[in-house]
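Here is a short report on one protein model. Keep the sequence and the 3D view open as you read.

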Amino acid sequence: MLSLAGGYILVKGMRLDYKIWTVILLALLSVLIDEDHFWFQRLYLHNIFIVTALALATLAFYLMKQEKAKGYAMILTVMVIGHLLVDMSYGQGLHLMYPLSRDLYVLPQIGVGVNKDLQVEVAKSSSLTECIITPTGVVLAAYFGLIFAMIAAKKFQ
Ligand SMILES: [Zn+2]
């Protein structure tokens with residue numbers, strides 16, 4: 001859902017002439033990396049090298065002046081980033097550096113909130129619903145910030 005929202009905003013913001021079905025299809029493609037969840041404990045398709053490969057594909061299509069293909073690859077890159085962020089916001093996290101390392105990366109489950117005495121407090125997991133600022137929220141803001149920055153960059157070209 002986050003990937004679909006991100007991709008859709010990108011397409012609209014950049015005034016790309018894509019049909020909504022194209023965007024939905026790309027979002028489904030970005031969900032396809034979840035095949036990984038069932039077979040490989042999210043090792044092979046949930047890492048930064050997949051994102052890097054997609055970004056390089058975008059660059060390659062750009063250099064070859066393949067506008068349509070460049071657009072698809074760019075949107076897919078942004079959608080997969082959204083997918084990884086969501087997967088890292090809960091649970092055990094992701095092996096982001098696989099195959100270089102099997103370390104798990106998860107967004108820190110702490111946030112800033114106000115307690116019943118109206119004092120600002122750093123809270124952990126169970127009390128996160130009371131939080132004003134959570135790491136997940138910060139990352140989501142950064143994610144959409146990136147998308148809007150890409151749109152702004154396109155407008156000033
Ligand atoms: Zn996933």
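## Ground rules

This is a predicted model; local features need pLDDT of at least 70, side-chain atom pairs count only at pLDDT 80 or more, and totals for chains, interfaces and linings use all residues. Residues are numbered from 1 along each chain as its sequence is written.

## Overall layout

The protein has six helices and three strands. Both kinds of element are DSSP runs, numbered from the N terminus: helices are H or I with at least four residues, strands are E with at least two. Read from the N terminus, the order is α-α-α-α-α-β-β-β-α.

The C-alpha trace spans about 60 × 40 × 25 Å along its principal axes. The protein has 157 residues, and 24% of them count as buried. Buried means 20 or more other C-beta atoms within 10 Å of the residue's own; exposed means 12 or fewer; partly exposed lies in between; C-beta atoms are placed from the backbone. Now take the contacts between residues at least 6 apart in sequence: 48% of them join residues at least 24 apart. Two residues are in contact if their C-beta atoms, placed from the backbone, lie within 7 Å.

How do H2 and H5 cross? The axes of H2 (residues 20–31) and H5 (residues 67–87) come within 9 Å and cross at roughly 50°. Axes are lines fitted to C-alpha atoms, for helices over the stretch in contact, and angles run from 0 to 180 degrees between N-to-C directions. H2 and H5 are therefore oblique to each other. Angles under 35 degrees count as roughly parallel, over 145 as roughly antiparallel, 65 to 115 as roughly perpendicular, and the rest as oblique. The crossing is right-handed: the near helix is turned clockwise from the far one by less than a right angle.

From H2, the residues in the contact are Leu 26, Ala 27, Leu 29, Ser 30 and Val 31. They meet Tyr 72, Ile 75, Leu 76, Met 79, Val 80 and His 83 of H5. This contact has nine nonpolar residues, two polar and no charged. Ala, Val, Leu, Ile, Met, Phe, Trp, Tyr, Cys and Pro count as nonpolar, Asp, Glu, Lys and Arg as charged, and the others, Gly among them, as polar.

## The strands

S1 (110–114) and S2 (residues 120–124) run antiparallel, joined by five bridges. Strands pair if DSSP finds at least two bridges between them. Ile 110 has Lys 124 in S2 as its bridge partner. S1 and S2 form a hairpin with five residues between them. In the turn, Leu 118 has a positive phi of about 60°.

S1 also runs antiparallel to S3 (residues 131–133), with two bridges. Here Val 112 stands opposite Ile 133.

## Residues to look up

Which peptide bond is cis? The bond from Tyr 98 to Pro 99 is, with omega near 10°. Pro 99 sits in the loop between H5 and S1.

Arg 15 lies in the loop between H1 (2–13) and H2. Its phi is positive, near 55°, and it is not a glycine. Arg 15 counts as exposed, with 10 C-beta neighbours inside 10 Å. Lys 65 lies in the loop between H4 (48–63) and H5. Phi of Lys 65 is also positive, near 55°. Lys 65 is exposed, with 8 other C-beta atoms within 10 Å.

Val 138 belongs to H6 (residues 135–155). Val 138 is partly exposed, with 14 other C-beta atoms within 10 Å.
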